[in-house]
Amino acid sequence: MSVREIATKPYPDQKSGTAGLRKKVVVFQQPHYLENFLQSIFDVEPSLKGKTLVMGGDGRYHNRTAIQTAIAMAAANGVSKVIVGQGGILSTPASSHLIRQTGAAGGFVFTASHNPAGEDGDFGIKFNIFGGGQAGEALTDRIYAASKAITKYRIIENVDVDLDRRGTQTVDTMTVEVVDCVDEYARLMQSLFDFDRIRDWFKKGHRLSFDAMHAVTGPYAQRLFVEQLGAPASSVINATPLEDFGGGHPDPNLIYAKPLVDLMYAEAAPDLGGASDGDGDRNMILGRGIFISPGDSLAMLAAHLDKLPGYRQGLAGVARSMPTCRALDKVAQGRGLDCYETPTGWKFFANLLDSGRITLCGEESFGTSSNHVREKDGVWAVLAWLNVLAVTGLSVQQIAEAHWKQYGRHYYARHDYDELPVDNANAVMTALTTALPALVGRQFGDWTVSQADSFGYLDPVDGSEARNQGLRVVFGDAARIIVRLSGTGTQGATLRLYLERYETAPDRLGWATGDALAALADIADSLVRISELTGRKAPSVVT
Ligand code: VG1
Ligand code: CO
């Protein structure tokens, strides 16, 4: 085996988005496309030489091919060891944990997360650094710059690692260790949660239904919920990871996880419903006949987490992304915790977690996690809820109602306008940006604008700045309207409109979300002018 240098030409579009590089599979199948991007990483991070890299993916189409290429290039670029999940499988949080636990210099997760898969679907790569967090913007900018100037890449040809055989193999002088994709992650979960209590809860006849959506969490859910916690095998549905996720859209929300939602609203609904996305970092939580919005789930976990073994010492602080509802802030105020507001994207939590400022954080996009890894973690969130139900003896509904009574309720929805012509989406952003300064003090319905700006973030740990992270119109504590452009799509532009309304009066806590937000949606319509400027009469998805 010898290292070959292959001549190549740059592709102009290898810029990472909110979470890694995402493109259509056919884009990744262009000659040298993946190789160029990986070599750009090796070129800007020479420190990977002589170190360990963790690799795995969500099992989607092109996963195994990409992993073989990445292993061959790691060997050619002087990496000393690659740890890879058996079958090429590793969830995003499990990968983050393996990086942390083995002291690896970083890792590649091959995934386009919740985007559909298959030959016509999407593919992607998340590059994580030492410590298990996603590469920050400064680093991904340097990788992008390198990708635009690349002239050659290094690879060892004809590498064919047996990804299904656990144990050690070699590629040239590099060691490849194929590991079980669940073992270490399951051990970590055991250290955080009270498995005995949860087992007892199941023994009492309580039931869980977890939808793995034919994506990566199947093996994790099977091992943890069924084998280790004693839930019946039928508790995990769609448990086999498929290359095309069964043709579905593995995004755990009210629309794409509808079968689970229907089950949770049916007569024989189990006590807890959970679902995760393609790469296992998202979660949806439902109780019998009740959907817990991600922002509520985050706030409720913040209120109960210190009852669980891994968090008995209490929370250092909490954080949420800007569009995420402010339910978390209410718990933080009540408990005297620091609460940080970050831009969208998990990478912005990394410094807060690393510096010990926060223990728990989350996003409205069905992301929740703690300082146990540096990614959001879907299975962790379901285990946390299971453990909270087991120690409190309450139902999901009871937890939610008590929470709203104590802290008030944030009604919340996100309206996505997918695959818009880029110019139309930009026109909306430009028009609102121009209108913002004149909005402060104006009254709309019951609400008066207290703040209208483009959100910027100053990282309190390293002083780095992120500008233009979304436009927000704030009506004091009572409501917010937020608009931003997605950074994870692969076709056209996706515009996201976020609506939040806060109520505290006892007779205003039980409304249906759609009714509660109707007036605010009308205001957003006239303020943000999406239908007027894009011609779209309704959002593609409401979650
Ligand atoms: C979306 C979500 C964001 C999340 C990101 C990655 O980004 O809004 O909260 O962190 O996806 O999630 P955007 O830019 O499309 O709004 V995942 O599950 O892809 O790792
Ligand atoms: Co994901």
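This is a short tour of a predicted model, one selection at a time. Residues are numbered from 1 along each chain as its sequence is written, and chains are lettered from A and ligands numbered from 1 in the order in which they are written. Local features need pLDDT of at least 70, side-chain atom pairs count only at pLDDT 80 or more, and totals for chains, interfaces and linings use all residues.

**Domains.** Colour residues 3-180 as domain 1, 185-407 as domain 2 and 409-542 as domain 3; these bounds come from an automatic or database domain assignment.

**Domain 2 against domain 3.** Taken over C-alpha atoms, the centres of domain 2 and domain 3 are 25 Å apart. Here 19 residues of domain 2 are in contact with 19 residues of domain 3 (contact: C-beta atoms, placed from the backbone, within 7 Å). On the domain 2 side, α10, α12 (350-354) and α14 each supply at least two residues. Helices are DSSP runs (H or I, at least four residues) and strands are runs of E (at least two), numbered from the N terminus.

**Two helices.** Select α10 (residues 294-304) and α14 (residues 396-407), which pack at about 85° with axes 11 Å apart. Axes are lines fitted to C-alpha atoms, for helices over the stretch in contact, and angles run from 0 to 180 degrees between N-to-C directions. The pair is therefore roughly perpendicular (65 to 115 degrees; under 35 is roughly parallel, over 145 roughly antiparallel, the rest oblique). Show Asp296, Ala299, Met300 and Ala303 of α10, which meet Ile399, Ala400 and His403 of α14.

**Ligand 1.** Finally, select ligand 1 and the 18 residues around it (C-beta atom, placed from the backbone, within 6 Å). Thr18, Ser113, Ser365, Ser486 and Thr488 come nearest. This shell has two nonpolar, eleven polar and five charged residues. Ala, Val, Leu, Ile, Met, Phe, Trp, Tyr, Cys and Pro count as nonpolar, Asp, Glu, Lys and Arg as charged, and the others, Gly among them, as polar.

Terms used:
Contact = placed C-beta atoms within 7 Å.
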